[in-house]
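Welcome, and thanks for taking a look at this one with us.

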Amino acid sequence: MERSATRRWRPAIVFALLLLVTSLVPLPQNGAGTVPALLSVSLDKWAHAAGYGAFTVLLASGRRAQRARSVAALVALAVAYGAGIEGLQALTASRSASGADMLANGVGAVLAGVAWRWSRRSNRD
């Protein structure tokens with residue numbers, strides 16, 4: 001991989017590692033109680049959606065994705081990465097896998113992919 005390509009991918013790689021570490025670090029035992037909600041959705045789910053949305057944008061930026069097929073593949077990659085992390089959480093003592101978290105990851109990735117694609121189409125006009 002040439003040097004400029006490595007620089008383009010670096011933010012996505014660093015963010016992927018950040019997602020991995022923050023998803024696997026043990027949660028405090030005393031817990032903060034219930035997580036507040038925004039529009040009847042737990043802030044935790046908003047954070048998942050935002051995180052995987054940001055990850056999708058970083059992947060699309062690194063790839064310089066223009067075509068819908070490329071963006072869709074990157075959305076699928078982000079969703080698969082999130083599912084993999086949920087699987088790893090199932091193997092830890094202090095975390096657990098969550099279908100709701102995977103759904104939030106997917107929603108964030110898809111919405112970001114759509115926004116990315118729309119912004120690329122708008123830039124051509």
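Let's begin with handedness: α2 and α3 cross in a right-handed manner. Please keep in mind that this is a predicted model. A search of the whole structure turns up two salt bridges, and Asp 44, Lys 45 and Asp 101 are joined by them in a network.

**Helix α2 against helix α3**

- Helix α2 covers residues 43-63 and helix α3 covers residues 68-90; their axes come within 9 Å and cross at roughly 135°. That angle makes α2 oblique to α3, since angles over 145 degrees are the ones that count as roughly antiparallel.
- On the α2 side, the contact is made by His 48, Tyr 52, Phe 55, Thr 56, Leu 59, Ala 60 and Arg 63. On the α3 side, their partners are Ser 70, Leu 74, Val 75, Leu 77, Ala 78, Tyr 81, Gly 82, Ile 85 and Glu 86.
- By residue class, this contact of α2 with α3 holds 10 nonpolar, four polar and two charged residues.

**A closer look at Thr 56**

- Thr 56 sits in helix α2 and is one of the residues that meet α3.
- Is Thr 56 buried or exposed? Thr 56 is buried, because its relative accessible area is 2% and the cut-off for buried is under 20%.
- With neighbours within four places in sequence set aside, Thr 56 contacts Val 75, Ala 78, Ala 109, Ala 112 and Gly 113.

**Helix α1 against helix α3**

- Helix α1, residues 3-24, packs with α3 at an angle of about 25°, and the two axes are 10 Å apart. The helices are therefore roughly parallel to each other, as angles under 35 degrees count that way.
- The crossing of α1 past α3 is right-handed.
- Which residues make this contact? Ala 16, Leu 17, Leu 19, Leu 20, Ser 23 and Leu 24 come from α1, and they meet Tyr 81, Ile 85, Leu 88 and Gln 89 of α3.
- The contact of α1 with α3 divides into eight nonpolar residues, two polar and no charged.

**The salt-bridge network**

- Lys 45 pairs with Asp 44 in a salt bridge, where the closest N and O atoms are 2.6 Å apart.
- Lys 45 also meets Asp 101 through a salt bridge, at 2.5 Å from N to O. This pair ties together distant parts of the chain, with Lys 45 in helix α2 and Asp 101 in helix α4 (residues 99-124), 56 residues apart.
- Asp 101, by contrast, is buried, with a relative accessible area of 9%.

**Thr 6 and Gly 62**

- Thr 6 is located in helix α1 and counts as partly exposed, at 33% relative accessibility.
- Thr 6 and Gly 62 are 56 residues apart in sequence, while their C-alpha atoms are 8.7 Å apart in space.

Conventions: Residues numbered from 1 in each chain as written. Predicted model: local features only at pLDDT ≥ 70, side-chain atom pairs only at ≥ 80, totals over all residues. Heavy atoms only, no water. Axes fitted to C-alpha atoms, helices over the stretch in contact; angles between N-to-C directions. Helix = DSSP H or I, 4+ residues; strand = E, 2+ residues; numbered from the N terminus. Parallel < 35°, antiparallel > 145°, perpendicular 65-115°, else oblique. Left-handed = near helix turned anticlockwise from the far one by under 90°. Contact = heavy atoms within 4.5 Å. Nonpolar A, V, L, I, M, F, W, Y, C, P; charged D, E, K, R; others polar. Salt bridge = Lys/Arg side-chain N within 4 Å of Asp/Glu carboxyl O. Buried < 20%, exposed > 50% of the residue type's maximum accessible area, 1.4 Å probe, protein only.
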